[in-house]
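Let's take a walk through a protein chain together. Have a look at the sequence and the 3D picture, and then we'll go piece by piece.

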Amino acid sequence: MNKKCIICGKQAKFVIKGTNDYYCEDCAKENFSDLSLLVSLEELAKEFKKHIVEKMKSSLKEENIENENLNE
Ligand SMILES: [Zn+2]
């Protein structure tokens, strides 16, 4: 993920939950006293990856079940 800070254009490290407002670390600290409003892009990428893996796992499971049924 290569997002830019909406204020200074530097590489963003945070995003406001549920929006497309990206901030670099400096601007985030300057503009938000409460950083809990912000999600780090790293965390977001991790969550996203986890979600994809879970999805893949569950679709693999479904495939296996389908194959088992075919074998019967
Ligand atoms: Zn910035």
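In what order do the three strands sit in the open sheet? The order is β2-β1-β3, and the pairing is antiparallel. Two strands count as paired here if DSSP finds at least two bridges between them. Because β2 (22-23) and β3 (38-40) stand at the edges with a single partner strand each, one side of each is left without a neighbour in the sheet. Zoom in on strand β1 (residues 14-16): three bridges join β1 to β3. One of the residues to look for is F14, whose bridge partner in β3 is S40.

Before going on, keep in mind that this is a predicted model: local features need pLDDT of at least 70, side-chain atom pairs count only at pLDDT 80 or more, and totals for chains, interfaces and linings use all residues. Residues are numbered from 1 along each chain as its sequence is written. As for pLDDT, that's the predictor's confidence in each residue, from 0 to 100. The chain's mean is 87, with 93% of its residues reaching 70 or more. Confidence is highest in β2, at 95, and lowest in α2, at a mean of 85.

Now zoom out. Along the sequence, the pattern reads β-β-α-β-α, where helices (H or I, at least four residues) and strands (E, at least two) are DSSP runs, numbered from the N terminus. The chain's radius of gyration, taken over C-alpha atoms, is 19 Å, well over the 11 Å that the globule rule (2.2 Å times the number of residues to the power 0.38) gives for 72 residues, so the chain is more spread out than a compact globule. Its C-alpha atoms fill a box of roughly 65 × 20 × 15 Å, taken along the principal axes.

What about the inside? A residue is buried if 20 or more other C-beta atoms lie within 10 Å of its own, exposed if 12 or fewer, and partly exposed in between, with C-beta atoms placed from the backbone. Buried residues make up 11% of the 72 residues.

Finally, hop over to helix α2 (residues 41-71), where you'll find N64. N64 counts as exposed because it has 10 C-beta neighbours inside 10 Å.
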